[in-house]
Each structure stands twice: as structure tokens, then as C-alpha cells.
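Please take a look at the structure below. A short report follows.

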Amino acid sequence: MKSRSRKRTPNIVNLTVRRRYLTEREVERLMKAWPLWASRCMILVAYRHGLRASEVCDLQWQQIELSEGRLHVHRVKNGIPSVHPIRGDEMRALRKLRRDYPRDAHVFVSERGGPISPIGFHRLVQRLGEAAKMPFPIHPHMLRHACGFKLANDGHDTRALQHYLGHKNIQHTVRYTEMAPDRFKDFWRN
């Protein structure tokens with residue numbers, strides 16, 4: 001009886017692993033590749049707070065306390081809401097954006113004056129990836145994963161990370177600590 005299985009020679013395509021997140025340097029590269037201030041600010045806010053596309057698109061000025069440096073994050077998918085600190089560079093970007101668009105209720109608006117749609121944000125991120133000459137296609141959720149991996153690699157507690165990202169179930173958070181590429185970095189010291 002002949003074997004019906006064909007021998008497949010491994011090639012580079014078979015061995016390629018698709019990454020579902022961006023590194024901190026790749027996020028910086030995205031922001032530098034685009035001249036529009038509001039778009040760069042949107043990427044920064046989505047990354048720093050681990051926001052989903054719909055969460056960043058629905059973000060309103062009433063959720064931001066610029067004087068206190070706080071962002072009130074409302075999560076979708078029945079997630080846990082939280083209050084995040086806003087860092088200096090992000091604060092400056094948001095203040096500039098507020099000066100440029102003082103009458104808008106939403107933080108990020110389209111050219112037509114309404115809130116940017118999640119599909120519009122998806123297209124923006126794709127264009128940013130192309131402008132930054134990223135070696136793979138990117139999408140907005142990669143910014144959320146980038147936040148999770150960055151914080152996990154920085155050694156933050158899994159429970160704290162769960163609440164920061166708004167996960168009801170810790171199983172959704174554990175992936176960031178399981179797959180954190182630097183988790184073994186300090187196991188052996190000279």
C-alpha cells in the first residue's frame with residue numbers, strides 16, 4: 001500500500017509566524033510617518049490606553065480631565081471601566097488638539113466634523129502602516145495588543161493589567177504574560 005502523503009519541503013512561508021502586536025518602536029515609527037497631528041495623537045492615545053477602535057472613536061472630551069491628567073475609559077464588550085493617568089507628551093498632544101477643535105464633543109473628528117468611524121480608523125492605521133513601510137499589514141487592534149505586551153514586559157502585575165485593559169475574564173489578559181517575548185530576559189545573570 002502506497003503512502004498518499006506528499007513530502008513538503010519547508011520554506012520560509014511555512015515558518016513565518018504572524019505577529020498580532022506592534023513593538024513600542026513600531027508604534028513610534030507609525031506616528032513619525034504621518035504629518036497630521038490629530039492622527040498621530042489618535043495612535044498615541046489608542047496605544048497608551050489599550051483602546052479598541054470603537055473606544056478611541058467614541059472618546060469624548062468629557063472623559064478627559066486635562067487639568068488633572070486623567071482619562072476616564074469606557075470599555076465596550078461589557079468591559080471594566082477605569083481611570084488612566086495621562087502622561088506629559090500625551091497631555092500636550094491632547095491640549096493642542098483641543099485648541100484646534102474647541103467646539104467638538106468627540107476628541108477625534110473626521111474632515112466632515114463628526115466622530116471618526118471604526119472603519120475610518122482602520123483605514124487610517126492601514127495607510128499609516130504603508131507610509132511607515134511596515135513589513136506586514138497592520139490593523140488598529142494591534143495597538144491594543146501592543147499596550148498589553150508592553151505593560152507585561154515592563155513587569156506589571158497580571159491583575160493590574162487586566163483592569164487597565166478592562167478585561168472581565170483574566171484569561172484574556174494572561175496571553176500577554178504568556179507570550180511576552182522578554183519574560184525570560186533576567187532568568188540568568190552573570
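Ser39 lies in helix α3. The model is predicted, so some limits apply: local features need pLDDT of at least 70, side-chain atom pairs count only at pLDDT 80 or more, and totals for chains, interfaces and linings use all residues. Residues are numbered from 1 along each chain as its sequence is written, and side-chain values use heavy atoms, with hydrogens and water left out.

Is Ser39 buried or exposed? Ser39 has 10% relative accessibility and counts as buried. Buried means under 20% relative accessible area, exposed means over 50%, and partly exposed is in between (1.4 Å probe, protein chains only). Leaving aside neighbours within four places in sequence, Ser39 is in contact with Trp34 and Leu124. Contact means heavy atoms within 4.5 Å.

**Two packed helices**

Two packed helices are described by the angle between their axes and the distance between the axes. Helix α3 spans residues 37-49, and helix α6 spans residues 118-131. They pack at an angle of about 100°, with their axes 11 Å apart. The axes are lines fitted to C-alpha atoms, for helices over the stretch in contact, and angles run from 0 to 180 degrees between N-to-C directions. α3 and α6 are therefore roughly perpendicular to each other. Angles of 65 to 115 degrees count as roughly perpendicular, under 35 as roughly parallel, over 145 as roughly antiparallel, and the rest as oblique.

Which residues of α3 meet α6? Ser39, Met42, Ile43 and Ala46 do, and they face Phe121, Leu124, Val125 and Leu128 in α6. By class, this contact has 7 nonpolar, 1 polar and no charged residues. Ala, Val, Leu, Ile, Met, Phe, Trp, Tyr, Cys and Pro count as nonpolar, Asp, Glu, Lys and Arg as charged, and the others, Gly among them, as polar.

**Aromatic pairs**

How many aromatic pairs does a search of the whole structure find? It finds 2. Rings of Phe, Tyr and Trp (its six-membered ring) pair if their centres lie within 6.5 Å; planes under 30 degrees apart count as stacked, over 60 as edge-to-face and the rest as tilted.

| Pair | Centres apart | Angle of planes | Class |
|---|---|---|---|
| Tyr21 and Phe149 | 4.2 Å | 35° | tilted |
| Phe149 and Tyr176 | 5.1 Å | 85° | edge-to-face |

Tyr21 lies in the loop between α1 (12-15) and α2 (24-32), and Phe149 in helix α7 (residues 141-153), so their pair ties together parts that are 128 residues apart in sequence. Tyr176 lies in helix α9 (residues 171-178), so its pair with Phe149 ties together parts 27 residues apart in sequence. Tyr21, Phe149 and Tyr176 form one aromatic cluster. Tyr21 is buried at 14%, Phe149 is buried at 4%, and Tyr176 is buried at 1% relative accessibility.

The charged end of Arg175 sits over the ring of Tyr176, 5.8 Å from its centre. That label needs NZ of Lys or CZ of Arg within 6 Å of the ring centre and within 35 degrees of the ring normal.

**Gln162**

Gln162 lies in helix α8 (residues 158-165). At 3% relative accessibility, Gln162 is buried. Not counting residues up to four places away in sequence, Gln162 touches His167, Lys168, Asn169, Ile170 and Thr173.

**The whole chain**

The protein chain has 9 helices and 3 strands. Helices (H or I, at least four residues) and strands (E, at least two) are DSSP runs, numbered from the N terminus. Of the 190 residues, 39% count as buried.
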